[in-house]
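Reader: I would like to learn how to read the features of a structure like this one. Please take them one at a time, with the general idea before the case.

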Amino acid sequence: MKMENPFKSIVENQQVPEILRDHVMKDIRLIKLALDMTDLVSVKYPSSIFNLLNAAENRKKKKD
Amino acid sequence: MAIQKSFKTISDEELIQGITQSNDTHLFGILYDRYASVVYNKCLGFIGSKEEAQDLTHDIFVKLFVKLKTFKGDAKFSTWMFAFTYNHCVNYLQREVKGKKNTFSVDENYGEVKEDEVSDALIFEMKAEKLNRSLQLISPPERAILLLKYQDDLSIKDIATLYSIGESAVKMRLNRAKSNLIEQYKNV
């Protein structure tokens, strides 16, 4: 006879409160905003300034 | 509508790839809907309090959004998620215990535990209610490894991969956890 696993009988089966989803998603959106802002300031802005300076330099070289 | 439907049917792995590539919060919402119930009930079973289980579920999903990149696909996502949940619960309990300047008595008794192989039959003979109470009395890391093995049906190999330890180390930890569980079960 196969023995029953008692660990399977102690599995909880409760409903997750709906409000929890709103709280999680609100925090996730905040984190995403923080990540995007960090990316903008530390990667995208420096990269665009670098490109701008390079373009200006190239134009100056062409004129000369 | 068609796009929304396709998101609902894609695999966990594809979903995770989408989230990690663009930090898409909508896709993360789908992942939340798939796993919220499992995570909440695992926390509830581990901690035993609804309020704490809700807080832990919240924290686990927020942490998951940041840590999702660390999922390498070595194991199934659901398996990885179980371990991620238990790790968070274990850390939470250990932090709480440290705050109270207390230690788990089971850790102190490690040296006394017999290293004989503990048969699974002894575990399967246990009564569910008594087992539940005994599980609350053993240390959180031991509780986690027992739940991974006997409730979530993970193999020794899966557990070894998740914990980044050898299979013999997993067997040893499982054996110790079973010994302690049986010891607590006798006293409950």
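Reader: At what angle do helix H2 and helix H3 of chain B pack, and how many Å apart are their axes?

Author: The conventions come before the case. This is a predicted model, in which local features need pLDDT of at least 70 and side-chain atom pairs count only at pLDDT 80 or more, while totals for chains, interfaces and linings use all residues. Residues are numbered from 1 along each chain as its sequence is written, and chains are lettered from A and ligands numbered from 1 in the order in which they are written. Helices (H or I, at least four residues) and strands (E, at least two) are DSSP runs, numbered from the N terminus. Axes are lines fitted to C-alpha atoms, for helices over the stretch in contact, and angles run from 0 to 180 degrees between N-to-C directions. Here H2 (residues 12–22) and H3 (residues 25–47) of chain B pack at about 145 degrees, and their axes are 9 Å apart.

Reader: Is the crossing of H2(B) and H3(B) left-handed or right-handed?

Author: A crossing is left-handed if the near helix is turned anticlockwise from the far one by less than a right angle, and right-handed if clockwise. The crossing of H2(B) and H3(B) is left-handed.

Reader: Which residues of H2(B) and H3(B) meet?

Author: Two residues are in contact if their C-beta atoms, placed from the backbone, lie within 7 Å. From H2(B) come Leu15(B), Gly18(B) and Ile19(B), and they meet Leu27(B), Phe28(B), Ile30(B) and Leu31(B) of H3(B). The residues of this contact divide into 6 nonpolar, 1 polar and no charged. For these classes, Ala, Val, Leu, Ile, Met, Phe, Trp, Tyr, Cys and Pro count as nonpolar, Asp, Glu, Lys and Arg as charged, and the others, Gly among them, as polar.

Reader: How many helices and strands are there in chain B?

Author: Chain B has 11 helices and 0 strands. Among its contacts between residues at least 6 apart in sequence, 69% join residues at least 24 apart.

Reader: Which domains does the assignment give for chain B?

Author: Domain bounds come from an automatic or database domain assignment. For chain B, the assignment gives domain 1 (1–102) and domain 2 (104–188). Their contact takes 14 residues from domain 1 and 13 residues from domain 2. On the domain 1 side, helix H5 (residues 77–99) of chain B gives the most, with 10 residues. By class, that side has 10 nonpolar, 3 polar and 1 charged residues.

Reader: How many residues has the largest nonpolar core?

Author: A residue is buried if 20 or more other C-beta atoms lie within 10 Å of its own, exposed if 12 or fewer, and partly exposed in between, with C-beta atoms placed from the backbone. A nonpolar core is a set of buried Ala, Val, Leu, Ile, Met, Phe, Trp, Tyr and Cys residues joined through C-beta atoms within 7 Å. The largest has 49 residues, and those with the most contacts inside it include Phe28(B), Ala83(B) and Leu148(B). H3(B) gives the most to this core, with 10 residues. The core draws at least three residues from each of domain 1 and domain 2 of chain B. Leaving aside neighbours within four places in sequence, Ala83(B) is in contact with Leu148(B) and Leu162(B).

Reader: How many residues of H9(B) are buried?

Author: H9(B) is mostly covered, with 11 of its 12 residues buried. Among them are Glu142(B), Arg143(B) and Lys149(B). Over chain B, buried residues make up 34% of the 188 residues.

Reader: What is phi of Asp153(B), and where is the residue placed?

Author: Most residues other than glycine have a negative phi, and most peptide bonds are trans. Phi of Asp153(B) is positive, near 60 degrees. Asp153(B) sits in the loop between helix H9 (140–151) and helix H10 (156–163) of chain B. Asp153(B) counts as exposed because it has 12 C-beta neighbours inside 10 Å.

Reader: What is phi of Ser164(B)?

Author: Ser164(B) has a positive phi of about 55 degrees although it is not a glycine. Ser164(B) is in the loop between H10 and helix H11 (167–187) of chain B. With 8 other C-beta atoms within 10 Å, Ser164(B) is exposed.
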